[in-house]
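Q: I am new to this structure and would like to learn how to read it. Please take me through it feature by feature.

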Amino acid sequence: MDLRELYQEVIVDHGRRPRNFGKLSDFNRSADGFNPLCGDKLKVYVNVDAEDVITDISFEGVGCAISQASASLMTEALKGKKIAHAELLAQSFRSVVMEEAAPPQAVDLGKLAVLTGVKDYPSRIKCATLAWHTLHAALAGSNQPASTE
Ligand code: ZN
């Protein structure tokens with residue numbers, strides 16, 4: 001199995017059986033996100049403690065396998081992490097997927113690297129970044145729905 005097939009398998013698995021799916025019973029941040037290009041819709045729920053640690057995170061939504069897998073992998077990667085780490089991970093992810101300049105302290109993407117293949121499919125990039133836009137809106141306390149447009 002080559003790397004591409006392995007990546008494909010992880011995306012299909014997370015797309016079919018998303019982790020951390022459903023509304024949190026206890027949360028203090030949330031935001032809606034929408035990717036009009038594909039029709040993907042997400043809602044991200046985050047519980048942040050007084051030390052700025054993401055103690056719990058989940059999402060709900062409908063959309064393509066990439067948008068669901070991206071949100072699923074994001075929630076797995078961020079549970080128990082500090083907000084500052086989440087923002088750095090978001091920037092590092094964007095820099096690879098959107099081929100932007102990497103942040104000064106780019107971090108290892110770990111499992112999220114499976115999604116970086118979308119950079120070869122420009123119409124799918126927003127499917128992969130929607131979860132991160134939505135997370136950003138939730139952490140910023142924005143009442144405006146996040147949109148990839
Ligand atoms: Zn999509």
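Q: What volume does the largest pocket have?
A: Rolling a probe the size of a water molecule over the atoms shows where empty space is left. On a 1 Å grid over the protein atoms alone, a pocket is an open set of points where a 1.4 Å probe fits, with protein on both sides within 12 Å along at least five of seven lines. Points are joined across faces, edges and corners, and the volume is the space filled by probe spheres set on them. Here the largest pocket has about 290 Å³. This is a predicted model: local features need pLDDT of at least 70, side-chain atom pairs count only at pLDDT 80 or more, and totals for chains, interfaces and linings use all residues. Residues are numbered from 1 along each chain as its sequence is written, and side-chain values use heavy atoms, without hydrogens and water.

Q: Which residues line the largest pocket and lie nearest its centre?
A: Lining residues have an atom within 4 Å of a point. There are 15 of them, and Gln8, Ile11, Gly117, Val118 and Tyr121 lie nearest the centre. Helix 1 (3–16) gives the largest share, four residues. Helices (H or I, at least four residues) and strands (E, at least two) are DSSP runs, numbered from the N terminus. By class, eight lining residues are nonpolar, three polar and four charged; Ala, Val, Leu, Ile, Met, Phe, Trp, Tyr, Cys and Pro count as nonpolar, Asp, Glu, Lys and Arg as charged, and the others, Gly among them, as polar.

Q: In what sense do strand 1 and strand 2 pair?
A: Two strands pair if DSSP finds at least two bridges between them. Strand 1 (residues 29–35) and strand 2 are antiparallel, over seven bridges, and Ser30 stands opposite Tyr45. Four residues lie between these strands, and Gly39 takes a positive phi near 95°. Strand 2 also pairs with strand 3 (residues 54–62), antiparallel over eight bridges. In strand 2 (residues 40–48), seven of nine residues are buried, that is, under 20% relative accessible area with a 1.4 Å probe, protein chains only.

Q: Which residues coordinate the zinc ion?
A: Donors are N, O and S atoms within 2.8 Å of the metal (3.2 Å for Na, K and Ca); water is not among the atoms, so sites may look incomplete. The zinc ion is held by Cys38 (SG), Asp40 (OD), Asp40 (OD), Cys64 (SG) and Cys127 (SG), at 2.2 to 2.7 Å. Cys64, in the loop between strand 3 and helix 2 (65–78), and Cys127, in helix 4 (residues 125–140), are 63 residues apart. Both Cys64 and Cys127 are buried.

Technical notes. Buried < 20%, exposed > 50% of the residue type's maximum accessible area, 1.4 Å probe, protein only.
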